[in-house]
Amino acid sequence: MVTATASIPGFCRIGAVRFIRRISHHQTFRCSTSTPHPLTNDTIQNPSSTKSNHDDASVSANTPSSFFPKKNQTLELECESLAFKGKGVCKVSGTGFVVMCDRALPGERFIGRVTRKKGSYAEVVKLKTLVPHHDLVEAPCEYASDCGGCKMQNLLYEAQVRYKEQQVQELLVHVGRFTKENLEFNPIVPCSIQYHYRNKMEFSFCTDKWLPKDEMIAKEEKRGSNIRNGNDYALGLHVPGFFDKVIQIDKCLLQSEAADKVLTVIQDGWRSQRLDLSPYNVHTHKGFLKHLMLRSGRNVTTGSVEVMVNFVTSSYKPELLSLLVEKISLFPEVVSVVNNVNTSIGNTSVGEEEYILYGKSTITETLRGLTFQISANSFFQTNTHQAEILYKLIEDYAGLRGDGSEIILDLFCGTGTIGLTLAKRVKEVYGYEVVADAISDARRNAMINNISNAIFVQGDLNKISDNFGNDFPKPNVVISDPNRPGMHTKLIKFLLKLRSPRIVYVSCNPSTCARDLDYLCHGVMEKNLEGCYKLTRIQPVDMFPHTPHIECVCLLELC
Ligand SMILES: C[S@@+](CC[C@H](N)C(=O)[O-])C[C@H]1O[C@@H](n2cnc3c(N)ncnc32)[C@H](O)[C@@H]1O
């Protein structure tokens, strides 16, 4: 267990004075000081404190010296551990003062410049490595040091999963108020496929290609102006922190090889003057091409890879895309080319209208023996290989009798995949989800797989009324798989009242997971809610190698 994080100023500590912190408009967080939370990287406000962070007594109490750096100051630093979201937790040599640094890895000594002060700690940008980190490996991807996609590629995979496991343990203890001794904490399940594991990648078109600073200065000087032309256009991934800058990506090691071949052909062709294609400019809101989404699935009969290509554009002008479509449809793997038209000035990839430009509107994928039809905008687990393992764990944790008598409540069900993989062993499945299209997909997926005992309902689980629960029988097992913000306190309250014998909590954010587990097990004092669950098993799963993301499956049993 890493000790550095336990002494970070602003860190929640068991036994310390507790306050309630707002982490979003509806959620609360317990913590002991009024500073931002370095481990979760959430800005947590203590409403009871009006003092500036510098005045906060907790800062001087928790900081071994009175050292506090200035903005732009350069510091010699040593990285001690990784915090959630993959930022390095570092100490200023000789002071114990904590700074957070993107892309710093444990054991690394480096020079950093302070970019932001955040309460009792600061954020720095790395300028120069003095001594590399313990588990340095060469990143196979040429974009690894700049692209926001896989920040941890140059860290040995075994070390990546070790740090992820530690982060979950730390959060359970410090945010969830669990003790290590009383937990059945299972070691993280690594992913046996560490590249080409993503079945979906979304690239952006951009008028302003990102270049490293020195290349950019040289280019501007040579040209002597800021006027952009076709050579500045890019198709690739966003530079972390910039919504308007994209790194040109010709090959991505995370997606399937078939998807990479398609990307190459599009990259070779889309800037051709003959096509007259312009990327969408997020400042002027002019231009045509917004995003390129590549999805890979599997032909259920032959097992061969199927690729869907989705062009997201600002208007419907299929004639502009026809030459590109002709080229990519020559690949036998490409079975679907669609065009999502998104006329809004927002930068999302979901269109108001969808048109088929070639082939069919969906591709198929199999998971736990079932077939799923996936359309361009459906949610589907992004790492199909590891989803098999995740879903098997969920089934084990659900502990079904298998006699067809039990009821499952599948909260945040998406396209129904979890509930459907369990449906054949139970009496009924009730799935709830906010996205209407996902509910239509879930119903269609039930039909394709001849499942008639699954009922899917569209609804916002952040806005449940006191009547929620009247429309389904008391479940034997609740599966809850929320997105990153975790569960609303209304839902926590509902679950505490429902008292289902088992809850399987699946989480993609260990920080909100630890908070929700705390509420379900230890109660929410401020809301007069008593906890009634015991956390009996927890299992982190690495769904996304080389990224800071961590998935967890947790079993809660009624006390
Ligand atoms: C992590 S995904 C899980 C999907 C599904 N369980 C699966 O494994 O494929 C979370 C789902 O919660 C849905 N969601 C997010 N906020 C919601 C809300 N307030 N009410 C209901 N569903 C919500 C999202 O649309 C998404 O489908």
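Biologist: Which residues does Thr-417 touch, not counting residues up to four places away in sequence?

Modeller: This is a predicted model, in which local features need pLDDT of at least 70 and side-chain atom pairs count only at pLDDT 80 or more, while totals for chains, interfaces and linings use all residues. Residues are numbered from 1 along each chain as its sequence is written. Two residues are in contact if their C-beta atoms, placed from the backbone, lie within 7 Å. Not counting residues up to four places away in sequence, Thr-417 touches Leu-367, Phe-372 and Gln-381.

Biologist: Does Thr-417 count as buried or exposed?

Modeller: Thr-417 is found in helix α7 (residues 417-423); helices (H or I, at least four residues) and strands (E, at least two) are DSSP runs, numbered from the N terminus. A residue is buried if 20 or more other C-beta atoms lie within 10 Å of its own, exposed if 12 or fewer, and partly exposed in between, with C-beta atoms placed from the backbone. Because Thr-417 has 25 C-beta neighbours inside 10 Å, it counts as buried.

Biologist: Where is Gln-381 placed?

Modeller: Gln-381 is one of the positions that UniProt (unreviewed entry) gives as "binding site"; such annotations may be inferred rather than shown by experiment, feature names are shortened, and positions are in the numbering used here. Gln-381 touches Ala-387 and Thr-417, leaving out residues up to four places away in sequence. With 22 C-beta neighbours inside 10 Å, Gln-381 counts as buried. Its place is in the loop between β16 (370-375) and α6.

Biologist: Which residues is Glu-433 in contact with, leaving aside its neighbours within four places in sequence?

Modeller: Glu-433 is found in strand β18 (residues 428-433), and the UniProt record also lists Glu-433 under "binding site". Glu-433 is buried because 25 other C-beta atoms lie within 10 Å. Beyond four places in sequence, its contacts are Phe-412, Cys-413, Gly-414, Ala-438, Ile-439, Phe-456 and Gln-458.

Biologist: How do the residues of the shell around the ligand divide into nonpolar, polar and charged?

Modeller: Of the 18 residues around the ligand, Phe-412, Gly-414, Val-434, Leu-461 and Asp-481 come nearest. Ala, Val, Leu, Ile, Met, Phe, Trp, Tyr, Cys and Pro count as nonpolar, Asp, Glu, Lys and Arg as charged, and the others, Gly among them, as polar. The shell divides into 10 nonpolar, 5 polar and 3 charged.

Biologist: Which residue in the turn between β3 and β4 has a positive phi?

Modeller: Two strands pair if DSSP finds at least two bridges between them. β3 and strand β4 (residues 88-92) pair in the antiparallel sense over 5 bridges. They form a hairpin with 5 residues between them, and the turn residue with a positive phi of about 80° is Lys-85.

Technical notes
A residue is near a molecule or strand if its C-beta atom, placed from the backbone, lies within 6 Å of it.
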